[in-house]
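Colleague: I'm new to this one. Can you walk me through it?

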Amino acid sequence: MQLSLLNWFLALSPVIVVLVLMLAFRWGGSKAGAVGWFVAIAVAVLRFGAGPQLVAYTQVKAVLLTLDVLYIIWTALLLFHIADEAGAVRIIGQALPALTADRMMQGLLLGWLFASFLQGMGGFGVPVAVAAPLLVGLGFNPVQAVIMACIGHGWAVNFGSLATSFQTLMAVTNLPGEILAPEAALLLGISSLGSGAIVAYVGAGWKGLLRSLPAVVILSAVMGGVQYLLATNGLWTLGATGGAMVGLIVGVLVTRLPLYRHAHNDKQPAGMNLPSPAAQADPPADDGKKRSLLISMSAYIVLVVLAFAINLIQPVNDFLDQVRLTLHFPELTTAYGWTTAAETGRRISLFSHPGAILLYASLIAYAIYALAGYYKPGAAGRILRRVTKGAVNSSLGITAMVGMAVIMSHTGMTNILAQGLSQSFGRTAYPAISPFIGALGAFITGSNNNSNVLFAALQQRTAELLGLSVTLILGAQTAGGSLGSVMAPAKVIVGCSTVGLGDNEGVVMGRILIYGLIPVAVVAIMTWILAAF
Amino acid sequence: MNNQPASPSPSAWAAWRSRNRGRLQAAALIVVLGAPFGLHWALGAGLNGLAAILFAAIALSMALVIWVS
């Protein structure tokens, strides 16, 4: 299939349809993804020569990729709701601000470190939903609270949620994590500096930002460094979790510095007040029962111990890795000769998969909280209902969009798109563009994961055509997606709804876009520099 | 005398759809995740008719997602 303007636009049409439906018509990911799936199949059959067998096999390949991701999403949500139902998340969130009288530091602890930690463990809007009301409870303006909670965890999305997005990057590009991790971790580590600085500025203005610099530099170096070490040593599933956990511990020590012990008279930056006064949300409900911080944190401690044990102790890993789900696929060719070689599909190790580790941690955590008497009657039912409610819709969206992306790559549509991009931008400019493509995908689809599904293969092929480092461009894609996902309307709406800003999402959205593009620009500059030298 | 039941009005359909949104989405998810395994087996066994039915089930589930979401 030759590159022409018509073919390029037709190849882009499924993506355009998804973007327009989500952005202009405010459709959800599942509905827009399903329409995109139909469009992709229609274009693949009518223009790119896909036969019925090719279309059918791509759906089977897509479902293996989807299950690899959904296994983590469902169990990550399960672990979070097990802890949340026990009141553990509230206890951890309340313990942090009591450490310092400096509001800027309180903002950093909750809006940056704690939100990033929550992203590591749960994700899917949880950091904003939990951290924003806690910030409001501390006296931050609701607009400030949502912006701080959104921007603060942007650096942690890619390796957060047990590295769901990174796992998708590996699946879609067919490249091992060991090769992809260094550049992605480096770019995201650098961006954590920007995330922390923006949280400090939004919470306490220029004076607060200046005072925050030693803390932000130390903590971003610690979090970015730990994430880099974990990700490049095969423990990418714990990258953001480990980074944020160590960051929280070091953050507690940093609050002991004389600079951060006392209250200061900071001023909030301009533009944080709303045109109409908003109702302030109440802080999360407290049932008055005493809970231990250590027991509250046990779910996450168990997870970290299990993840390290299963990944690092080889006999344990070998024992659990014995049952794998996979399928074999024949060579697939379109009527125009675009061929995908015969291959084994994605291998899912049922008992050593990150999703399995989350499941073990969930069961142990539930037992600990139940024995400690942290649950009210009917807790198990409520937990399962919340998990189902939270996961079904996003699972449908991911299934449809992965199906769409696999059809596009197996019919040469992705290749046509990549050829067009490489000829339009050229080798010099493309590295600076690639993080913005990732960010755009995440902004529109609401997730780093979906952005990688939509654009990773395209970015990979473009990098190959331009002779650029594929791992650098893919690192920029997923870093852009990570930072762009926190600006997504879906997340902002979640944040606004938890702090009583239901009618002011547009105002908050505008502010978040301004602040959120700064870390993406930092990543773009870094990618451009790394590509040039 | 007309014993034929009246067909549901559009607003009754919308209310029913809204009430059962979660169940319908869950059913669609089960089909789109489960049917491809049958599809793989049917294609491998040369059962093209069964493969067509299973693919149609996936497509119908996607259409159901659009309708209920």
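Modeller: Here is a short tour, starting with the ground rules. This is a predicted model, where local features need pLDDT of at least 70, side-chain atom pairs count only at pLDDT 80 or more, and totals for chains, interfaces and linings use all residues. Residues are numbered from 1 along each chain as its sequence is written, with chains lettered from A and ligands numbered from 1 in the order in which they are written.

Colleague: What is chain B made of?

Modeller: Three helices and zero strands. Both are DSSP runs, numbered from the N terminus: helices are H or I with at least four residues, strands E with at least two. Along the sequence, the pattern is α-α-α.

Colleague: How much of chain B is buried?

Modeller: 26% of its 69 residues. Buried means 20 or more other C-beta atoms within 10 Å of a residue's own; exposed means 12 or fewer, and partly exposed is in between, with C-beta atoms placed from the backbone.

Colleague: Which residues of α3(B) are buried?

Modeller: Ala51(B), Leu54(B), Phe55(B), Ile58(B), Ser61(B), Met62(B) and Val65(B). They sit on the same side of α3(B), because they cover an arc of only 110° around the axis. That arc is taken from the directions from the helix axis to the C-beta atoms. On the other side, Gly49(B) and Ala56(B) are exposed.

Colleague: What covers that buried side?

Modeller: The cover includes α2, α3 and α15 of chain A, together with α2 of chain B.

Colleague: How many residues of each chain are in contact?

Modeller: 21 of chain A with 18 of chain B. Contact means that the C-beta atoms, placed from the backbone, lie within 7 Å. On the chain A side, α3(A) gives the largest share, seven residues.

Colleague: Which residues have a positive phi without being glycine?

Modeller: Ala163(A), at about 60°, and Asn174(A), near 60°, are among them. Ala163(A) is in the loop between α7 and α8 of chain A, while Asn174(A) lies in the loop between α8 and α9.

Colleague: Are those two buried or exposed?

Modeller: Ala163(A) is buried, with 27 other C-beta atoms within 10 Å. Asn174(A) counts as exposed, with 11 C-beta neighbours inside 10 Å.

Notes:
Two residues are in contact if their C-beta atoms, placed from the backbone, lie within 7 Å.
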